[in-house]
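Me: Hey, can you walk me through this one? I'd like to go through some residues and how they pair up.

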Amino acid sequence: MSTAQATVVPSFIAGEWISPQAEGGTQVLDANTGQPVATVSAGALDVAAALDYGRTVGQRELSGLSLHQRALKLKELALYLNERREELYEISYRTGATKIDSMVDIDGGIGVLFTFSSKGRRELPNSNVILDGPTEPLSKDGSFIGTHIFTPMAGVTVQINAFNFPVWGMLEKFAPAFIAGVPTIVKPASPTGYLSEAVVRMMLDSGLLPDGSLQLLSGSARDLLDHMDYRDMVAFTGSAATANKLKAHRNVVDGGVKFTSETDSLNAAILGPDAVEGTEEFNAFVKAVVSEMTSKAGQKCTAIRRSIVPEQLVDAVIKAVGERIEARTVIGDPRVEGVTMGALASLDQLRDVRQAVQDMLDAGGELAYGSLDAPRVRTSGERTEIAQDGAFMAPVVLRWSDPANPILHSREAFGPVSSVVGYRSLDEAVELAAQGAGSLVATVCTNDPEAMRALTLGIAAHHGRVHILNRETARTSTGHGSPVPHLVHGGPGRAGGGEELGGIRSVM
């Protein structure tokens with residue numbers, strides 16, 4: 001039964017699908033129409049049983065396969081999901097995602113499975129133990145030696161995911177854990193968890209996964225952390241406030257539960273002094289900013305929140321960004337032909353983003369493009385007033401007279417919102433980027449090697465990834481906000497300090 005027909009989004013625990021009572025649950029709505037999709041219940045579930053099942057059955061079944069065998073299963077699983085993408089797209093539309101947004105999430109997640117399958121079989125031994133470096137002699141005659149090795153964790157990895165990428169966010173954590181031989185419990189975010197459930201159901205229906213290697217906990221995490229210990233790991237994606245609350249749990253602080261997080265990130269894009277109007281770099285920069293504002297309706301942890309540009313180019317950048325939005329962005333239900341940007345994931349999310357923008361305006365920001373009023377959307381080929389039940393928001397660009405305004409570098413509006421600020425020197429540009437207190441990614445856009453070097457080295461310690469953009473790389477770049485499975489995804493400070501992906505590094 002599809003999640004659209006289900007009363008409650010079910011969980012899969014200890015080998016069984018379980019649907020708690022719907023009473024007291026939260027109704028999840030279609031982000032575009034406001035129509036009910038499913039109910040997420042916080043009803044009782046035996047989460048201790050889920051952990052025990054993973055530690056026993058899951059560990060036993062996974063250990064019966066070698067690293068190569070587990071990696072090969074990821075390829076088979078990717079092929080299986082690949083044939084069922086259209087069904088997932090139809091579900092994904094309800095989250096406000098366009099077809100392109102859904103491809104980034106669904107195809108991107110499947111692509112992670114393919115990549116890890118390939119790297120696992122090419123770069124790892126066909127065993128269950130990985131040697132880490134050469135043997136170290138500990139005696140003069142060589143009779144006593146030491147060797148570093150990696151073996152699988154003895155417990156489970158619990159992934160607590162954000163609402164914006166219900167498929168990719170799940171699969172990019174599942175793939176390395178599966179190769180490593182560690183069972184996974186998925187706890188998706190409630191607003192889009194029905195899509196995660198559909199994918200988990202497909203994965204289990206494939207018959208490819210060993211028993212206990214994948215479980216699903218829908219709704220709240222309940223008392224899950226109360227039952228975890230040093231054998232287990234939490235991989236969290238979401239707000240810094242929630243991450244800090246979870247990290248303060250006694251089983252993390254004193255019990256040895258491993259905890260990694262990917263949290264808030266006020267990512268920057270820096271335009272070099274040479275990238276004036278008319279240059280390929282200027283055009284590539286504007287394209288990147290608009291893409292990050294409108295892809296997934298700006299609901300990306302990697303989106304460009306701060307465009308840091310030469311002071312004399314602030315007006316030109318704002319004008320060019322506005323013109324590109326006008327020319328290329330059509331807001332509406334993503335199931336309607338021609339729509340390029342759908343709704344935010346929920347009405348709660350819409351309220352949060354509008355409030356964040358209002359707070360920034362009250363603190364000194366200026367509305368340079370867009371409006372907080374309900375946008376006009378396209379239906380049947382013409383623009384009409386938006387239905388009140390949809391979580392739609394128009395793109396917004398803010399201007400700042402004071403580029404060091406604290407709220408600019410501390411408050412994130414997690415939607416189609418970006419700010420443009422001016423700098424007078426490369427040193428000031430570096431300082432402004434660093435005021436984000438740790439970010440996942442920054443773009444440096446220039447064709448001047450010296451400016452590129454100064455900016456990249458200046459901001460590197462404050463970012464998990466630096467995206468170099470110029471007339472050459474723009475031809476093949478996957479974009480500012482596209483984590484790739486080969487490279488580390490994470491960032492210091494405010495961004496959580498985590499390191500996901502990175503190829504085989506994440507398996508380790």
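This is a predicted model: local features need pLDDT of at least 70, side-chain atom pairs count only at pLDDT 80 or more; totals for chains, interfaces and linings use all residues.

Me: How far apart are the closest N and O atoms of Asp232 and Arg55 in their salt bridge?
Reply: They're 2.5 Å apart. That pair links distant parts of the chain, 177 residues apart. Asp232 is in the loop between β11 (214-216) and β12 (233-237), while Arg55 belongs to helix α1 (residues 47-63).

Me: Is Asp232 buried or exposed?
Reply: Asp232 is at 0% relative accessibility, so it counts as buried, the cut-off being under 20%. Arg55 comes out at 16%, and that also puts Arg55 in the buried class.

Me: How many salt bridges turn up in the whole structure?
Reply: A search of the whole structure gives 23. One of them joins the side chains of Asp315 and Arg399, at 2.5 Å from N to O. It's another link between distant parts of the chain: Asp315 sits in helix α10 (residues 314-328) and Arg399 in strand β19 (residues 396-400), 84 residues apart.

Me: And Asp315, buried or exposed?
Reply: Exposed, because its relative accessibility is 52% and the exposed class is anything over 50%. Arg399 is partly exposed, with 23% relative accessible area.

Me: OK, what about Asp333, which residue does it form a salt bridge with?
Reply: With Arg335, and the closest N and O atoms there are 2.9 Å apart. Asp333 is buried at 17% relative accessible area, whereas Arg335 is partly exposed at 37%.

Me: Switching topic. At what angle do α5 and α6 pack?
Reply: About 40°, with the two axes 10 Å apart. α6 covers residues 193-205, and α5 covers 168-180.

Me: Why is α5 called oblique to α6?
Reply: Because the angle is about 40°, and angles under 35 degrees would count as roughly parallel while 65 to 115 would count as roughly perpendicular. That leaves α5 oblique to α6.

Me: Which residues meet there?
Reply: From α5 you've got Met170, Leu171 and Phe174, and from α6 there are Ser196, Val199, Val200 and Met203. By class, this contact of α5 with α6 has six nonpolar residues, one polar and no charged ones.

Me: Now the loops. Where does Asn161 lie?
Reply: In the loop between β9 (157-160) and α5 (168-180). Asn161 is buried, with 9% relative accessible area. Its side chain has a polar contact of 2.6 Å with the side chain of Gln159.

Me: What else is Asn161 in contact with, leaving aside neighbours within four places in sequence?
Reply: Among them are Gly169, Met170 and Lys173, plus Val186, Lys187, Pro188 and Thr237. Met170 also shows up where α5 meets α6.

Me: How far is Asn161 from Gly54 in space?
Reply: 19 Å, C-alpha to C-alpha, and they're 107 residues apart in sequence.

Me: Last one: Thr263. Which loop is it in?
Reply: Thr263 is in the loop between β13 (258-262) and β14 (267-271). With a relative accessible area of 5%, Thr263 is buried.

Me: What lies 3.3 Å from a polar atom of the Thr263 side chain?
Reply: The backbone nitrogen of Gly496. Gly496 is also one of the contacts of Thr263 beyond its neighbours within four places in sequence, including Phe236, Ser239, Leu440 and Arg494.

Key:
Residues are numbered from 1 along each chain as its sequence is written. Side-chain values use heavy atoms; hydrogens and water are left out. Helices (H or I, at least four residues) and strands (E, at least two) are DSSP runs, numbered from the N terminus. Buried means under 20% relative accessible area, exposed over 50%, partly exposed in between (1.4 Å probe, protein chains only). A polar contact is a pair of N or O atoms within 3.5 Å; within protein, one must be able to donate a hydrogen and the other to accept it, and residues adjacent in sequence count only if both atoms are side-chain atoms. Contact means heavy atoms within 4.5 Å. A salt bridge is a side-chain nitrogen of Lys or Arg within 4 Å of a carboxyl oxygen of Asp or Glu. Axes are lines fitted to C-alpha atoms, for helices over the stretch in contact, and angles run from 0 to 180 degrees between N-to-C directions. Angles under 35 degrees count as roughly parallel, over 145 as roughly antiparallel, 65 to 115 as roughly perpendicular and the rest as oblique. Ala, Val, Leu, Ile, Met, Phe, Trp, Tyr, Cys and Pro count as nonpolar, Asp, Glu, Lys and Arg as charged, and the others, Gly among them, as polar.
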